[in-house]
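Hi,

Here is the structure I promised to pass on. My notes follow below it.

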Amino acid sequence: MIDYLNSHAETIILVVVLILAIVSIIVFLGAIYSRWIMNLTKKKRRNIKEELSEYVVKYACGDLAFKELEKRLRTSTDHQILLSIINELSPSISGTERDRLQLLLELPVIEKFFMGQLKSKKQLEKAKACLYLSRLKSIDSKLFPHLLEYSAEEYSILSYASCMTIIVHGDDSQKRIALKNQLLNENLSDQALNDLFVEFQDVSGGDFTSEAKTIMGFISEKIYSHSRTALLIKTLGELNYHESAEFLVNEFLQLSSDLDEPLVAESLITYMPVFASEDTESNILERLHLVYANSEFREVREATMTALGMFGKEESIPILKWAMYDQDFYVRFYAAKSLQSFPGILLSSMKPETMIQADWDDLIGEVNSLNS
Amino acid sequence: MEILLDILYVINVLIFGYFIVVNGSYIILMYFSYVQTKKSRKESKIFRLSGLFDSRLYKSVSILAPAFNEEESIIESTRGLLNLEFTDYEVIIINDGSKDNTLQKLIDHFKLHEIDRHVPKELISQPIKAIYGNRMYSNLFVVDKINGRKADALNAGINVSRKDLICAVDSDTLLEPTVLQQMLMAFVADPTTVAVGGVVRVANGCTFTLGEVEKVNIPKTHIGRIQAVEYLRSFLFGRTGWDYFDSLLIISGAFGVFDRKAVINVGGYLHDTVGEDMELVIRLHRYFREKGIKYRIRFLPEPVCWTEVPESWSVLGRQRNRWQRGLADTLWRHRGMMMNPKYGSLGVFAMPFYLFAELLSPIIELSGYVLLGISLYLGAINFQFALLFLTAAVLLGMILSVLSVMLEELTFRRYDRLRDVLILIFYAFVENLGYRQIHAWWRFMGLIDFLKGNKTWGEMTRSKGTFSS
């Protein structure tokens, strides 16, 4: 081996160096060439974009017929640029103009391309095609079986995108199945689900009854993880589904006193002050006072103290004072904050005997910092 | 004598082979980086974050910016941090015992006053002297603490923070406004994500207006331009390539987002190391793999932070020396993971690669030059061989650097002018003649200092007002 290297090393290295030199030159020239080509392409695309933008704006405003715009679209680059113009304009316009713009997405060339992508072997391409479909005014009902199948995929990006399309175009039952698939998909984050639920509400057109019913239905099924159930409750609360008030209050009142995890109870307690009615308020307060104010879970006690402050009932004051002895800082903090919201309560005189002065200063200081 | 000459000859050939293998691996890594960049850009367009600005259903972020003697840039960079487009975030500047007017400048500019804020002792840090805030800037907090170095400051910041995610940044960096939304995408796309790194680009030469980059230019100095190429090669495409293999070992201390609970679970940043950023990432890998918990550590090529790079040789030398010590320290601390199949591709592939291609490379590279000279002197090789050897080694480095500039062209194209790209390509070539050898020397000295137990940070001086409009 050594003999071979000794006798051939120079040749080997010469060959390697020659190859590298050639590659270096190719890379160098390639970099310059690619920039030159890209600059040319950029210029060409900019010109096309300027021209097409004018056509699109005229078309959206009704000053240009669809046929005339279609005649201008000659190459695949034209169609790509048209798509990017539509993407840019869509969020900033509404009404008839938006509807007309949406019609452009249904141009045969564009539609054919994405329909092809929908059957691609690459899941990411399928996801992009799904999102394209979600932007159309309507889609062929034959596509739903595919979309529902995709919504059950483990690959979260595809399941998310297909579910988004079903939310926009599907009927209630299809939406329910697609959302259920997402709730069961462990690869999909709670935040991605938030996205879907926000869209779910947005497409409802103002009457949230059916949407609220669907989400309440999920909670009633009791088959999802605690984290997902808590998310569903938060969705009802955060997105102001007042239709679910009675349901959530009942869920809270029926909640086991002996909790095995804090998430569901915490989220229910958080929204009780928002959804409680005069009839249910006393029952809720009773459970908060007797059961959840001394829950073994810190998060539940914190939520309880905040809720008691929001209810603002004097009968809660002894519970809040008692919570000032809690071992957890934030339970004491929320209790103090809630106490401060009661008229006539002088927080500075409520230092628990067992609390050292430094901790008390810490607590009072922080509460006051928020108000200063 | 003949045996010695034979040995020298073989060593030369082995070193030559090392150059080919290492640079070849980097070129392969760059290919995967290109694939990953394309994929990542497509994926980032899928999620909409529809309710980000009108619900509390997304993860919130605490930005932690340790500052030590940063009076020149602290106001501009803090203003930049306050201008981010994100709904629920707080900015925590940690004044780590600065000897200059960093704290006073912050107090005066933002009209801060001392506030009480409960600080749970979840991580060990030097005592906090005071926390400052102002209701006009309700998401800005300044923590004044006793000096304990960067890791200690970050731990103090984590204790003070109250959001789901922490974003560790250097106080002399500038984040692009949509950066947090972009970083959040990784956590939206995969619920098991515990850490995400973003791209650090060279700010020198660029112009900034109101905390935003207005015009991207290349640095004006030779040393800055060489670093611009280096940052493209190592920090952008190198790390994106590792992300493809799910084996990212470094998230730059200048810009990374972490799950707060995960960081607390592993004990936060380590105090007695100068490579606290890499060490934390490897400890996260180790923790989750040993516990058998599904997790991901990602690198996204789109979110960008701009950082001022050193423009003096001595400061750059100290920085690279420190980085090498940090790398050595981290690999030594976690040597049990090396070649250990229990840690998957990370242990079997990524860590050995870092050992041979990064940590030991200055030794091999410098030995190569020295042995080449000795071999030539003793006649073990002839002049033609030596010249060819050097040319091949240098050309490989050139190809790698030029490829990274070209990849930038094919993907992000942040540099508008062809002139800038040509200059970068020129520097991609010339960095291999002189700078690379000096760089190898700094890193070699870094290894020596590591063996001596040197854990000092080294003084870093900043130029004035890179981010000023």
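Which residue in E2(B) does B:Ile63 stand opposite? B:Ile63 faces B:Val91. Keep in mind that this is a predicted model.

The strands first. E1 (residues 61–67) and E2 (residues 89–96) of chain B pair in the parallel sense, over seven bridges. An open sheet of ten strands in chain B runs in the order E3-E4-E5-E2-E1-E6-E11-E8-E12-E7. Its pairing is mixed. Strands E3 (113–115) and E7 (173–175) of chain B are the edges, each pairing on one side only. On average, neighbouring strands are turned by 30° against each other, direction ignored. Helix H6 (residues 222–244) of chain B packs on this sheet. H6 of chain B touches strands E8 (193–202) and E12 (296–307) of chain B, and its direction makes about 155° with that of E8(B).

Next, the chain contact. Here 48 residues of chain A are in contact with 51 residues of chain B. On the chain A side, the elements that give two or more residues include helices H1 (2–61), H6 (123–134) and H19 (357–371) of chain A. H1(A) gives the most, with 22 residues. By class, that side has 26 nonpolar, twelve polar and ten charged residues.

Last, a helix pair in chain A. The axes of H16 (residues 298–311) and H18(A) come within 8 Å and cross at roughly 5°. H16(A) is therefore roughly parallel to H18(A). Residues that meet there include A:Arg298, A:Glu302 and A:Met305 from H16(A), and A:Tyr330, A:Tyr334 and A:Lys337 from H18(A). By class, this contact has six nonpolar, three polar and four charged residues.

Best wishes

Notes. Residues are numbered from 1 along each chain as its sequence is written. Chains are lettered from A and ligands numbered from 1 in the order in which they are written. This is a predicted model: local features need pLDDT of at least 70, side-chain atom pairs count only at pLDDT 80 or more; totals for chains, interfaces and linings use all residues. Two residues are in contact if their C-beta atoms, placed from the backbone, lie within 7 Å. Helices (H or I, at least four residues) and strands (E, at least two) are DSSP runs, numbered from the N terminus. Ala, Val, Leu, Ile, Met, Phe, Trp, Tyr, Cys and Pro count as nonpolar, Asp, Glu, Lys and Arg as charged, and the others, Gly among them, as polar. Axes are lines fitted to C-alpha atoms, for helices over the stretch in contact, and angles run from 0 to 180 degrees between N-to-C directions. Angles under 35 degrees count as roughly parallel, over 145 as roughly antiparallel, 65 to 115 as roughly perpendicular and the rest as oblique. Two strands pair if DSSP finds at least two bridges between them.
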